[in-house]
Amino acid sequence: MKPLRLFLLPMAGLLLAACDTTPRERQEMVKQEARRLDTAADRAAAKLRVAGRRAARFDSTSRARSRQPLDKAAETTFTNQLLGTYAEIEKLTPQTIEPAFVQFMKQVRAQRKAWTQRDWDYATAISRRLNAQFRAIRLDIKGRDEMHIRALQTEFTALETGRDVKDLGQAVKQPD
């Protein structure tokens, strides 16, 4: 709305002034307004370039972090924290997979606000393992449980994506 206002207000002024000015005076007013618009456009372009560089730096850092292997001991600790008695993911059965997902999401909801991006990497690894076990035994899971699991999977993805977007937004706003 602001860029449109920047354009419309000067134009309205030019129309009102058209009756009381000469063509040369109107021509000069148009040039001045065009210079102001060019200046505003240049500032906006500079801000976009800076934001683009910051976003690229965030993406590069994120990719480098993702390439680093997860520590097995830390992953085990994280798995125990998030899954409790369901920590042996590969042993989950059609009867225990749904409660495992419920436990997982309960812990994710409770702890997520304090997590770093690396903590999310561990949670994502655990989620992938849960999902792999789910796929392996899916044909033996009750429909009601499968629907609940799918909803929990979607919720996890939404929370993780929300955190990524929040972190990217903060990275773009931070000064160099």
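The chain has six helices and zero strands, where helices (H or I, at least four residues) and strands (E, at least two) are DSSP runs numbered from the N terminus. This is a predicted model, in which local features need pLDDT of at least 70 and side-chain atom pairs count only at pLDDT 80 or more, while totals for chains, interfaces and linings use all residues. Residues are numbered from 1 along each chain as its sequence is written, and side-chain values use heavy atoms, with hydrogens and water left out.

From the N terminus on, the order of elements is α-α-α-α-α-α. Of the 176 residues in the chain, 30% are buried; buried means under 20% relative accessible area, exposed over 50%, and partly exposed in between, with a 1.4 Å probe and protein chains only. Among contacts (heavy atoms within 4.5 Å) with a separation of 6 or more, 74% are between residues 24 or more positions apart.

| Helix | Residues |
|---|---|
| Helix 3 | 72-83 |
| Helix 4 | 97-111 |
| Helix 5 | 117-137 |
| Helix 6 | 143-173 |

Helix 3 has twelve residues, which at 1.5 Å a residue should span 16 Å, and this agrees with the 16 Å between its end C-alpha atoms. The expected span is 1.5 Å times one less than the number of residues. In helix 3 the buried residues are Glu-75, Phe-78, Thr-79, Leu-82 and Leu-83. They cover an arc of only 105° around the axis, which puts them on the same side of helix 3; the arc is that of the directions from the helix axis to the C-beta atoms. These buried residues pack against helix 4 and helix 5. Just after helix 3, Gly-84 has a positive phi of about 55°.

Helix 5 also packs with helix 6, at an angle of about 160° and with the axes 12 Å apart. Axes are lines fitted to C-alpha atoms, for helices over the stretch in contact, and angles run from 0 to 180 degrees between N-to-C directions. The two helices are therefore roughly antiparallel, the term for angles over 145 degrees.

Ile-137 lies in helix 5 and counts as buried at 13% relative accessibility. Not counting residues up to four places away in sequence, Ile-137 touches Leu-92, Thr-93, Pro-94 and Ile-97. Leu-92 is 45 residues from Ile-137 along the chain, and their C-alpha atoms are separated by 8.8 Å.

Conventions
Angles under 35 degrees count as roughly parallel, over 145 as roughly antiparallel, 65 to 115 as roughly perpendicular and the rest as oblique.
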